[in-house]
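Here is a friendly walk through a few local features of one protein model. Have the sequence and the 3D view open as you read.

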Amino acid sequence: MRAALTWRDKAEQCIYDLAFKPDGTQLIIAAGNRLLVYDTSDGTLIQPLKGHKDTVYCVAYAKDGKRFASGSADKSVIIWTSKLEGILKYTHNDSIQCVSYNPLTHQLASCSSSDFGLWSPEQKSVSKHKTSSKITCCSWTNDGQYLALGMFNGIVSIRNKNGEEKVKIERTGGASSPIWSICWNPSSRWENFWSRADEQEESAHSCLEEIPVLKSRPGSRQYSQTKGEDHEEEEISMDFNLDERNDILAVADWGQKLSFYQLSGKQIGKDRMLNFDPCCVSYFTKGEYILLGGSDKQVSLFTKDGVRLGTIGEQSSWVWTCKVKPDSNYVAVGCQDGTISFYQLIFSTVHGLYKDRYAYRDSMTDVIVQHLITEQKVRIKGRELVKKIAIYKNRLAIQMPEKILIYELYSDDSSDMYYRVKEKIVKKFECNLLVVCSDHIILCQEKRLQCLSFSGIKEREWLMESLIRYIKVIGGPPGREGLLVGLKNGQILKIFVDNVFAIVLLKQSTAVRCLDMSASRNKLAVVDENDTCLVYDIHTKELLFQEPNANSVAWNTQCEDMLCFSGGGYLNIKASNFPVHQQKLQGFVVGYNGSKIFCLHVFSMSAVEVPQSAPMYQYLERKMFKEAYQIACLGVTDTDWKELAMEALEGLEFETAKKAFTRVRDLRYLELISSIEERKKHGENNNELFLADVYAYQGKFHEAAKLYKKSGHENLALDMYSDLRMFDYAKDFLGSGDPKDTKMLIKKQADWAKNINEPKAAVEMYLSAGEHMKAIEISGDHGWVDMLIEIARKLDKAEREPLSKCAFYFKKLDNPGYAAETYMKVGDLKALVHLHVETHRWEEAFVLSEKHPEFKDDVYVPYAQWLAENDRFEEAQKAFHKAGRQSEAVRVLEQLTHNAVVESRFNDAAYYYWMLSMQCLDIAQENEQQKTEMLQKFHHFQHLAEVYHVYHSIQRYTELVPLCYRCSTNNPLLNNLGNVCINCRQPFVFSASSYEVLHLVEFYLEDGITDEEAVALIDLEVPRLNKREIKWQEMMSDHAQSLRLDDNTDIIEDDDPFTAKLSFEQGGSEFVPVIVNRAVLQSMSRRDVLIKRWPKPLRWQYYRSLLPDASITMCPSCFQMFHTEDYELLVLQHNCCPFCRRRIDESNQ
């Protein structure tokens, strides 16, 4: 540290106090009864201020820079603005000794010999408080909460903002040690090294501590480690518990002591003896240093814990005031004789570097060792000024004013940062440079080099021809290390610490500024006083090259042919004899390790990560792949690694390419290299083919195709283009080649178009390649009916499979017409039938089944099932019947009947039973084996049909009295004999609509008379005389047979032969049927007879009407009898027979 005088001025009166404007532009000085305002930049007096009538003792500037205050022996305080105008004045009862502004609230404290006052712009009056002693000095805490008052009786009183005393510090000196100056440390924290301040100074290593610097987060605790004990540093607390606050008060008294106190009043450490009467004490802006001035006629610089570092300008009289310009290293000094001095403090860098460990001085007394790679730091604390630092491997040497301390690492671990004292040399040394080795320290003083053991014994000495400008340890065995020494006369020597003879490496004409030797000790780099970097071959002394604009140089410790040098704001990197690569960099290069360049800029050392891209590319340009790989290993970007890998691969340098691709984890290229290596092992050595594969992988497809063709592997080129979907290029490559290859190419192109969701293009390509099935599948899946139609019509009918596929998609896409057309083209009638059935196009199916009876079952069975599924059971039954599925037809009818009965639909039940009976009759006609059973069922179902039909009517009528027309007997409603007369046992014939007993009597033919003969006899209708001629009109139609009475009747006396047959034996329990012979049949009128013409094997039934004036109609289908009026009404309502539901427009079958 040294002080340079910037400017000086002389006032006529004593300078008692001074103050800087917060921005540092102006300096206010109390001189006599005036205030002098100076420009700090050049010492120009801006303006003297007059307002006081007596000597001005104190001055203070507010932190916001808006106003300042001055206090005088005239008992007044004047408030001035930053424009140098007085705006307010108030007085005390005694002379003003000191003034101070609160740093936050800008409240002004003014202290006199008997009291102190507090004033702020917000209040109209000054709040004054009496004191027991004269106040000599005052200072506010950083947060403005407390005001410390220094008393002439040696007491320090700490007051709150309201003036109330909170802490009273009574010091041992008492009134014999008046307090003359106090100041709070502006730093918000105080370091934990105060805890060791009471230890004896005689312990040489007790004031040195190892403290790893650990970064802490807000709200966390920060710890510092020392050998043998841990010190915990507490956080700043905003609580009003004074013991927990970290404010530090520096107190200087005329007992010639400097002391430090906490806000609570507790003293920190012990008193520091000064050996002079202090008149002023002040801190640097950040609190790292203390300025003290007084009766010793000089300003001294102290550390924040009171260790004296040096002198800042000696004066000719007492120093009454000294302060630091805000946020700078400038100091203003005011003296008894009126001298005003303005100094600049210059702190030199004291440091040492070895590889990735950098040691430097901090706070003048501490040493910080920084690991430049891991950024780990350790602080070695001291209580004396550090003058020189040297570091080498596990050794660290620190020179202090009266001794040199030698440290060593605790372990051999390269990451270990814990140092311990190994040796100490208690002796004062004067040297320009300090170097440490494994077992020695080297002191350099101008031309002389001295080698000392760690015990302080001088072992060797070298005297040089010229001043030593540079010295560096270049390694070697312990105790035999080599030193590289550069002299002002240009001579460069190598010295071994165990050899008294120096070896001259070379001699140049210019002075040496910086030196470094390559890792192999074969090359030497020198920076001379002309800022030129010169590189020599040590063995031949040949100048290999030189570069301008250099201020420092360093070889790369991991690469023999690479160095860097700095100068002119640029970093220059040079590999081998290639051109220099430049990039911007401020500072000096002091080391080069791999990709990291260690740069010293101002007072900080940093490791700059520098990609080695430029030199790597320089080697690549010359196809020096192995050398380029070595450079890349020092540190390049991933992009550079990829470029190296690609270049090596194209150069068929597979080993280097493999390493580079491994570095970037490119498995694809690693697989290619592995494949090529395997092929080479099997004897393949066609480099053109290998290079073609490389080009293909790199995307240089045309170059690859040319090489494939050149090496006779056209098929590989074709496969490459196909796989890449570059079909146009593939076609161009094929030219007019083999059609098979062209077709294969088109097929691949179609596959690709399909995969990339270009189906239309794929269809066209498949068709052109003859792949009809794939084209049909794509068209069908996308619903392109037009495309399918076009394909189907173009296909030959012999191509059944694709045509069938077309028909399948036509069905799927609901285009049955085109499907039918396709099936017809193929001739697949069965598929056509199934198509009609599946699409429910029954009419077409029926027509097809008529032409081709073999498909009858394929049509009617599905049709019947479809009808049943659609609740058209009656039609379904007919369809089953028509299809010859009698069992299914019967099952449907049985189910219909059962449902009708369960649901009380008795009319429907009657109808279904009638249909069942007719179904059974049909089965009996066709199946001789089931004839008997079916006939029984026929009669049973006929009976049930009539019963349910009757019951349908019975539900609606409350009274039916049956009359037997054979014997004219009225029968009860409840007849135990059933539907027969209780008298003659003649079965009743009921109307199928009203279920009244009809005037019909059933008669039977005499044996030997066939149905056909009986009908013929009846049709003869032989005339006969009757008592009454009843004229009947018989009406025959397709849907009914009726007897109607004519209106014109003549009474003719005659007997009816049939009436005679109605007689029976009264009281008989057996039924006696009416049996007629041929004569009776011949006598009957056709109009009186109704015939149920049952199909075989059933016999016909004959009925004779006994009431000619009542007309009866019989349904020709179900043979049920009705009153003609009822039948016609029901037919008009339902257009069908009410029993069998036969429509009247159907032909009688």
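## A helix, a cavity and a strand

Let's begin just after helix α26, where N1135 takes a positive phi of about 60°. Please keep in mind that this is a predicted model.

Stepping back into the helix itself, α26 spans residues 1124–1134, and its buried residues are T1124, Y1127, L1130 and V1131. These four sit on the same side of α26, because they cover an arc of only 130° around the axis. Turn to the other side of α26 and you will find E1125, L1132 and Q1133 exposed.

| Side of α26 | Residues |
|---|---|
| Buried | T1124, Y1127, L1130, V1131 |
| Exposed | E1125, L1132, Q1133 |

How many cavities of 30 Å³ or more does the structure hold? There is one, and the largest cavity contains about 40 Å³ of space. Its lining is made up of L963, C964, Y965 and R966, then Q986, P987, F988 and V989, and finally V997, L998, L1000 and V1001.

Finally, have a look at strand β18, residues 179–184. Six of its six residues are buried, so β18 is largely enclosed by the rest of the structure. Its pairing partner is strand β22 (residues 248–253), which runs antiparallel to β18, with five bridges between the two.

Methods: Residues numbered from 1 in each chain as written. Predicted model: local features only at pLDDT ≥ 70, side-chain atom pairs only at ≥ 80, totals over all residues. Heavy atoms only, no water. Buried < 20%, exposed > 50% of the residue type's maximum accessible area, 1.4 Å probe, protein only. Arc of directions from axis to C-beta. 1 Å grid on protein atoms, 1.4 Å probe; cavity = no way out; pocket = protein on both sides within 12 Å on 5 of 7 lines; lining within 4 Å. Points joined across faces, edges and corners; volume = space filled by probe spheres on them. Pairing = 2+ DSSP bridges.
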